[in-house]
Amino acid sequence: MLSMSEVRVRFAPSPTGALHIGGVRTALFNWLFARRHGGKFILRIEDTDRTRSTDESIQIILDGMKWLGLDWDEGPFRQTERMAIYREHVDKLLGQGKAYYCYCTPEELEARRKEALAAGRPPKYDRKCRLLKAPVPGRTPAVRFLSSDEGQTIVRDLIRGAVTFENQQLDDLIIMRSDGFPTYNFAVVVDDVTMKITHVIRGDDHLNNTPRQIQLYQALGYEPPEFAHLPMILGPDKTKLSKRHGATAVTEYKDLGYLPEALVNYLARLGWSSGDQEIFSKQELIDKFSLENVGKAPSVFNPEKLLWLNHHYIQQAEPGRLADLLLELLKKDGIIPAEARPDREWMKRLVCILTERSHTLVEMKNSAIPFVAEDIHVDEKARAKHLTSDAVPLLLLLVERLKAAKPFTHAEIEKVFNGLVAEKGIKLGKIAQPVRVALTGGTVSPGIYEVIEVMGKDKTIKRIETAIGKIQN
RNA sequence: GGUCCCAUCGUCUAGCGGCCCAGGACGCUGGCCUCUCACGCCGGAAACACGGGUUCGAUCCCCGUUGGGACCA
């Protein structure tokens, strides 16, 4: 059972590149946990690796979280702004004899490690500097934590259960480098303590770091938080998801035409479940989220299912919202000029006939091109098959009747087609397909009456006449 | 190599000893609908890694094997 005190969780990405799928899932679970328990979600930027950390990356992370609607209550805090705090804690340990200066150089360490390995001993730090009485001249020391050699450290993980580590296995880890920067394991502990984090929910890859962090908490005189280690997200080849598996950055999914709610829903169901339910609104997720229902096994990222969800959410979305997104895309791709101001109601009608067969916004954009562009590109195969000379009399007759149709609505257009079909004793496809090719350039589109209605009388007639002209030449 | 974790259809998962000759979803597939493509609807194939225990009874508990993964180096 959760304690009475307020739940405080955090997401602590390193700003060394894009915001990844795995990271987002961790952020999402933290966020859901916070919202579920009415707690606080804190954002912390772990930027102590200053050779790889960039401000652009921080911005990408913030933008990605905002896009997904993962709002944070405190932060973003940056570790580089907290150096005094780490120093203070290092001094505290040093003062209590729980840490010591180490003057060994990386080269010396490496040599001794190889030696140990060669002699069949475990490659653990030999505590050479532990009993040093005076500083080694000309060298700037790092600081090592004096870890316990005996007993065990038990991680009571909310997902894994009790995981036992022999303390003997853990060596005296460096907590502060000679350049004065704290190491990951130390900074994390100090940050989580000072930020009063109650639940550390993070990737499985940190499970092995946890016992040494627990020792650090204890040495510092603090109660460790609760831990929950989430299983990894894998690529199709069952190795940790990475760039070589294709799109892994949140921004890529945005650019590919995914809706944030689709990604959120998909990621929530990756490693977590609630009975047989597949579709979850954000509120349902908040209401139902529980660490108990997080699985232990790693899960393979399945783009197919994400696509299905995206399709689903496109159907659910407000046409007005989709119209805005579509317009943005059309402008971005230069299909319509940036200064164009198409009628929004018309855009909504266009969206409505397109959603059903759009799995992504990009697909929708492509289907929208014939409606918004001046000219169309006619697919050669489609032209050869459907824009034939025996279609000409039908097309001519159709144009004539379309011109007379009023109002120019789905119902009236349908009447025109039905009339033609009945009089000529033909199948609808005989006339619908040539018209489809004439209007859209291809053989695939929404229902032909809808296409004609949304395209409008002028454009429809112009395109059919153009097609007739080309057949006759 | 050492340490730790994990193991149900191809994939995400339900299952927390009998309701399971294992349910849902994606994908795949047969059919219906149909002006194209979709959507939708109906149907199908598809899994408890293996071997020991425990138990009246194991997908579910324990041990081992195998296989995967992570971390450390």
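Predicted model: local features only at pLDDT ≥ 70, side-chain atom pairs only at ≥ 80, totals over all residues.
Contact here means that heavy atoms lie within 4.5 Å of each other. Helix 17 spans residues 428-440, and among the elements with two or more residues at the surface near RNA strand B, helix 17 gives the most, with 5 residues.

**Helix 17 itself**
- Helix 17 has 13 residues and reaches 18 Å from its first C-alpha to its last, close to the 18 Å expected at 1.5 Å a residue.
- Its buried residues include Ile431, Ala432, Pro434 and Val435, as well as Arg436.
- Val437, Ala438, Leu439 and Thr440 are buried too.
- After the helix comes glycine 441, with a positive phi near 85 degrees.

**What covers helix 17**
- The cover over the buried residues of helix 17 includes helix 13 (361-372), helix 14 (380-386), helix 15 (392-404) and helix 16 (410-424).
- Helix 18 (448-455) and helix 19 (457-472) are also part of that cover.

**Meeting RNA strand B**
- RNA strand B is surrounded by 43 residues, and the closest are Arg113, Arg160, Gly271, Glu356 and Arg436.
- Of the RNA atoms within 4 Å of the protein, 73% belong to sugar or phosphate, and the rest to bases.

- In the side chain of arginine 160, an N or O atom is 2.3 Å from a sugar or linking oxygen of RNA strand B.
- Glutamine 433 has a side-chain N or O atom 3.2 Å from a sugar or linking oxygen of RNA strand B.

Methods: Residues numbered from 1 in each chain as written. Chains lettered and ligands numbered in written order. Heavy atoms only, no water. Helix = DSSP H or I, 4+ residues; strand = E, 2+ residues; numbered from the N terminus. Expected span 1.5 Å × (residues − 1). Buried < 20%, exposed > 50% of the residue type's maximum accessible area, 1.4 Å probe, protein only. Near = heavy atom within 4 Å. Polar contact = N/O pair within 3.5 Å; in protein donor to acceptor, adjacent residues only side chain to side chain.
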